[in-house]
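Please keep the viewer open while you read.

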Number of protein chains: 2
Amino acid sequence: MGNENDEEVILLDYWPSMYGMRLRVALAEKEVKYEFKEEPVGGVKSPLLLKMNPIHKKIPVLIHNGNPVCESLIAVEYIDEVWKGKAPLLPSDPYYRAQARFWADYIDKKLYAPGRKTWDAKGEEKEEGKKELIESLKILELEALGDKPYFGGQSFGFVDIALIGFYSWFYTFETFGNFSIEAECPKLIAWGKRCMKRESVSKSLPDPRKIYDIILSYRKDVGLE
Amino acid sequence: MGNENDEEVILLDYWPSMYGMRLRVALAEKEVKYEFKEEPVGGVKSPLLLKMNPIHKKIPVLIHNGNPVCESLIAVEYIDEVWKGKAPLLPSDPYYRAQARFWADYIDKKLYAPGRKTWDAKGEEKEEGKKELIESLKILELEALGDKPYFGGQSFGFVDIALIGFYSWFYTFETFGNFSIEAECPKLIAWGKRCMKRESVSKSLPDPRKIYDIILSYRKDVGLE
């Protein structure tokens, strides 16, 4: 497993990105060595990013032997297909694959905007963000996770990878939003703690307080603190 | 190919849906027989739709032996994986698969909202919709299609299926928006005509004038005509 001699794997990423975290965890699960290239912040995009993702101009981008793969879930599927011998991420049965893709897509559609409102909005809009975020997390807990250890059942996989980056933002959402996700979704928090026991996860995710710190300084910059 | 004796395939759909058209074309390419169940319009959702897609409550839904698959691109991948012997829709190489998924995702993200503005908005917002739609179509033409007969090369596949439903809405976009897509994107229109020569496509898509007619009566209802 892991890299062949002639393989070059580069990840264009920015450390607090919940989407970048997906690729980091997937590569760690597959034991693929890669070069992490931190994209500079503050509006200036690197020439390499502009060349590798000219359409969206966004991280994360996986560059495998010079070929870019953009959009995080697509890159995770790519990683699963290329390094398929170890730690399968998607189930092999087509119906369960479709279910996994459905929930990963749900995470993409339902969490980012309300999560952001918990720390970037005020008054009614902020309250709306909290409410929407909790509703979506409850649906994930009830309909997708249930009493299973991981979303796909007994083994860590695609939906866990899709959600785990958001888990490292929960502290930021909760602290600025002044609410407790654990009080609303205890099984989801137990799932997050379970995932954090995996080295592929704990070594790929930043300390939640570091995310809180950059958001705190952002809020000071824009006059929200 | 096609259906086994004990297979039941049902499509919950609404005839003008560009997303439903994807499943119709994919099933036709695979020569899978299915029952088309038209979802009633006007806000009332059928009990079957609510049961089969309780999360999004949207068509299209593919029901295969009682199991629902929601979200059109996920359903097209499911169809490709279950009926894999005939007319492969996604390429077999992981990198080309990622490219196909990237462009299908681009279509999902970039066309619906501006397309809708061409017939549902007025003034500046309408002009903005036309401009954005043309820009996105030009990127598809230049970066994804190029001089190939189909998006994936010589054979009809996943990205063609992702886009073809929008092609049947072009007449509506152009007529209410008062512009010509062919003048801006001639290769894309040639691609659409090429696709329409396939029976799987021509038999799955409605007459563009029928779509125009329902949008015309919608516009009368809301006072835009």
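Predicted model: local features only at pLDDT ≥ 70, side-chain atom pairs only at ≥ 80, totals over all residues.

The numbered points below go through the sheet, a helix packed on it, two further helices and a loop.

1. An unreviewed UniProt entry lists residues 7–87 of chain A as "domain: GST N-terminal". That span is 36% helix and 21% strand. Its end C-alpha atoms lie 19 Å apart. The record, again an unreviewed entry, gives residues 93–224 of chain A as "domain: GST C-terminal". Here the chain is 76% helix and 0% strand. The end C-alpha atoms of this span are 48 Å apart.

2. Sheet order. Chain A has an open sheet of 4 strands, in the order β2-β1-β3-β4. The pairing is mixed. Which strands stand at the edges? They are β2 (35–38) and β4 (67–70) of chain A. Each has a single partner strand, so one of its sides has no neighbour in the sheet. From one strand to the next, the twist averages 20 degrees.

3. Pairing of β1 and β3. Strand β1 (residues 9–13) of chain A runs antiparallel to strand β3 (residues 61–64) of chain A. The two are joined over 4 bridges. Leu11(A) has Leu62(A) in β3(A) as its bridge partner.

4. Helix on the sheet. Helix α1 (residues 18–29) of chain A packs on the sheet. It touches β1, β2 and β3 of chain A. The direction of α1 makes about 155 degrees with that of β1(A).

5. Burial of β3(A). Both faces of this strand are covered. Val61(A) and Ile63(A) are buried on one side. Leu62(A) and His64(A) are buried on the other.

6. The β3–β4 hairpin. β3(A) and β4(A) run antiparallel and are joined by 4 bridges. His64(A) stands opposite Asn67(A) in β4(A). The hairpin has 2 residues between the strands.

7. Arg22(A). This residue is found in helix α1 of chain A. Is Arg22(A) buried or exposed? Its relative accessibility is 0%, so Arg22(A) counts as buried. Its side chain reaches the backbone oxygen of Ala162(A) at 3.0 Å. Beyond residues up to four places away in sequence, Arg22(A) touches residues that include Ser72(A), Leu73(A), Val76(A), Ile107(A) and Asp108(A). Ile161(A), Ala162(A) and Phe166(A) are also among its contacts.

8. Ala26(A). Helix α1 of chain A also holds Ala26(A). Ala26(A) counts as buried because its relative accessibility is 0%. Neighbours within four places in sequence aside, Ala26(A) is in contact with Val76(A), Ile79(A), Leu89(A) and Ile161(A). Leu89(A) is 63 residues from Ala26(A) in sequence. Their C-alpha atoms are 8.0 Å apart in space. Val76(A) is in contact with Ala26(A) and is touched by Arg22(A). Ile161(A) is likewise in contact with Ala26(A) and touched by Arg22(A). An α-helix has 3.6 residues a turn, so residues three or four places apart point the same way.

9. Helix α4 of chain B. Residues 94–110 of chain B form α4, with 17 residues. From first C-alpha to last, α4(B) reaches 24 Å, close to the 24 Å expected at 1.5 Å a residue. Its N-terminal end is capped by Asp93(B). A side-chain oxygen of Asp93(B) lies 2.9 Å from the backbone nitrogen of Tyr95(B). The buried residues of α4(B) include Tyr95(B), Arg97(B), Arg101(B), Trp103(B) and Asp105(B).

10. Helix α6 of chain B. Residues 123–145 of chain B form α6, with 23 residues. This helix reaches 32 Å from its first C-alpha to its last, close to the 33 Å expected at 1.5 Å a residue. Among the buried residues of α6(B) are Lys126(B), Lys130(B), Leu133(B), Leu137(B) and Glu141(B). Gly146(B) follows α6(B) and has a positive phi, near 60 degrees.

11. Lys197(B). This residue lies in the loop between α10 (186–196) and α11 (199–202) of chain B. Its relative accessible area is 75%, so Lys197(B) is exposed; the cut-off for exposed is over 50%. Lys197(B) and Lys37(B) are 160 residues apart along the chain. Their C-alpha atoms are separated by 26 Å.

Terms used:
Residues numbered from 1 in each chain as written. Chains lettered and ligands numbered in written order. Heavy atoms only, no water. Pairing = 2+ DSSP bridges. Axes fitted to C-alpha atoms, helices over the stretch in contact; angles between N-to-C directions. Contact = heavy atoms within 4.5 Å. Buried < 20%, exposed > 50% of the residue type's maximum accessible area, 1.4 Å probe, protein only. Polar contact = N/O pair within 3.5 Å; in protein donor to acceptor, adjacent residues only side chain to side chain. UniProt positions renumbered as here; feature names shortened; annotations may be inferred. Expected span 1.5 Å × (residues − 1).
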